[in-house]
Amino acid sequence: MIRAAEACACPIQEIGPAMAGSCPGQFFLFMSILESFLNGRCDLADPCKRVTDTQDPDASYDFVVVGGGTSGAVVAARLSENPQWKVLLLEAGGDEPTPSAVPAFVTAYWGRQDTDWLYKTVPQKKACLSKGGACSWPRGKFLGGCSVINGMMYMRGNPSDYDSWAVNGADGWSWFEVLPYFLRSENNKELGAGVSSQHHTAGGPIPVQRFRYAPRFAHDVVSASIELGYPPTSDLNGDTNTGFTIAQAMNDEGSRYSTARAFLRPASQRKNLHITLNALVSRVIIDPTSKRVTGVEYIKNGKTKSVAVLKEAVLSGGSLNSPQILLLSGVGPKETLEKFNIPVIKDLPGVGQNLHNHVGVNLQFTLNKEPEVPELNWSTAIEYLLNRQGVLSSTGMSQLTGKVNSRFASSGGRNPDIQYFFGGYYASCGDGSVGDEALKSNKRRSVSISVVALQPRSRGYLTLQSADPTQPPLMEPNYFYDDHELKVLIDGAKIAYRLANTTILREKYGMAPTNDHGRECPGGGPNPTDEYFKCLAMLHTAPENHQVGTCKMGSHKDPMAVVDPQLRVFGIEGLRVVDSSIMPQVPSGNTAAPAVMIGERGAEFIITRHQLKSRFGSSYDDVQNHHSEGANEDKKQDGRWKGWKQWQNQGYYPHQDWHAKNNVHHR
């Protein structure tokens, strides 16, 4: 018996658009009934911690954070831990919908104008050709951003990724230096049971663990990979960073944990944190003479408004929106700004450049011994409603992943350049039936394997196509501009075919390449050629959603760097970018956990600066001033060192900040 809506400590409100509309019409009735039950569950609705929309913000704030996505939610929550600071978070979308907490509904809010930015690339010459060349990039448009619509997989990338950042100008961002900021937000619930405390920790705001359910087929794929010679591993973030595993994910007790849920909801009762929803930021207001941020302009309910900034504005709009806002604010390549009659505040040529993304090829397979039976029915729905278990508590095959070295990977084997993502066994939509008719039919189950190149060399750019902030930017990733990615994918696709032909998958499931997939490409069949896989990659591209690099972090000597290693925009006082756009090079894995790490690190930079300033006065500003360029930078480095020694002599260290003194700890 399904319980009626629970009596919660606070009244439940249905938040966000209905999920049922994302499913085909034949599923609508069942999905609507299921959604009504989900909306009545206290643990999913979380009514007592939901944020309040500040319709009319105050005239001024110490900090204004633009974007409440994966990184922005972290920044706003951390800054508001100091009750002496007023913080405003401006979010272009609404609050995260209640059904988004159900892991199986991972794609329910994709492709919808109210929850997705609906971004598409410009037509590509070598990619997404089955879609006319325009690759879709789903981006979450609500609190939590993409952490509400992604697969929740917790992956950090390879340690060498961050060491490379540091060597190439991102001083202070080596693996040894960023690891504490990964640990700060992590609450790993499987310490000693598959993952080691040497690489993980507990106590942070984001619960990390495996989903409560995984299809039998996923476990058998891991066994098949061992047959191929890949070592078994339970943690690709640990000592072994190659092999196949059912990955840990950001979830707890059968439900998703976005950064909005982990960071903003616990902070929702703080009087010094205001959150304004459905507020599209149009530009940052910068004094053209002093080059200092004075305010932020935004559009809400069709009206343009502004709010004053007393200390800093923080752009956390993501790799596509943050550079767009900079350009609209007069910060970027002079030629672009003049083209759109935007007054040039700072000629910064790197804004929008260095756009890159993981890219892959989608392979389709048929399990000839497995009938296509719907995963979602009344039985599995009740299992979730009563116990938060079963197929709805996971993402089907999407929780399975693997990382391997191609022939083109760097020597040593510690820097794998291929990742596999799997699809199938989804429970996202259903009509409630148990699938008896499906068992009688000849329809076989399909699964997909996306082979992804983790270290792309191709670079694109983002620019304006209009000075209207409501219009999307123009996005040119230049997929496969460098043939390196295609070579890696050909290698990876061959490994995927070998995996499908292992004894356990061939004999138990009858796994084989789907006959008509890639029929347009010559050279297919039992022994596909390199040209076949190359054609398949360009036709059925897996464009991924790991866009980075458009506000590149680097030293003052890098002409394409937009922010310095403390994430301050070059030449502008009181402005930082804190999101994935600052990554010089995309990490070798999913980007959600690195985006949280960047939020933690960026927040600490801001906290340390302004707490030190209040303690030591203007002398700290002199030490931190980074806006003059060229030869003066070396003098400033000396000044910072002298300032650091001065603080040491006074018995003060940056980690001894307001939080330590008031027993508020970052974990």
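This is a predicted model: local features need pLDDT of at least 70, side-chain atom pairs count only at pLDDT 80 or more; totals for chains, interfaces and linings use all residues.
Figure 1. Residues are numbered from 1 along each chain as its sequence is written, and side-chain values use heavy atoms, with hydrogens and water left out. You can look for 18 helices and 25 strands; helices (H or I, at least four residues) and strands (E, at least two) are DSSP runs, numbered from the N terminus.

**Figure 2. A nonpolar patch on the surface, made of Leu 29, Ile 33 and Trp 378.** Together these residues have about 280 Å² of accessible area, a value from the Shrake-Rupley method with a 1.4 Å probe, where for residues only the protein chains shown count as cover. Patches are made of residues with over 30% relative accessible area and no salt bridge; like charges are joined within 9 Å, and nonpolar side chains (Val, Leu, Ile, Met, Phe, Trp, Tyr) within 5 Å. Find Leu 29 in helix H1 (residues 28-39). Leu 29 counts as exposed because its relative accessibility is 63%.

**Figure 3. A salt bridge between Arg 78 and Glu 600.** A salt bridge is a side-chain nitrogen of Lys or Arg within 4 Å of a carboxyl oxygen of Asp or Glu. In this pair the closest N and O atoms are 2.8 Å apart. The two partners come from distant parts of the chain, 522 residues apart: Arg 78 sits in helix H3 (residues 72-79) and Glu 600 in helix H15 (residues 592-616). Both Arg 78 and Glu 600 are buried.

**Figure 4. Two loops joined by Arg 292 and Glu 573.** The closest N and O atoms of this salt bridge are 3.6 Å apart. Arg 292 lies in the loop between strand S11 (280-286) and strand S12 (293-300), while Glu 573 lies in the loop between strand S24 (541-542) and strand S25 (575-577). Arg 292 counts as partly exposed because its relative accessibility is 25%, and Glu 573 counts as partly exposed at 23%.

**Figure 5. A salt bridge between Arg 506 and Glu 507.** Their closest N and O atoms are 3.3 Å apart. Arg 506 is partly exposed, with a relative accessible area of 31%, and Glu 507 is partly exposed at 46% relative accessibility.

Key
Buried means under 20% relative accessible area, exposed over 50%, partly exposed in between (1.4 Å probe, protein chains only).
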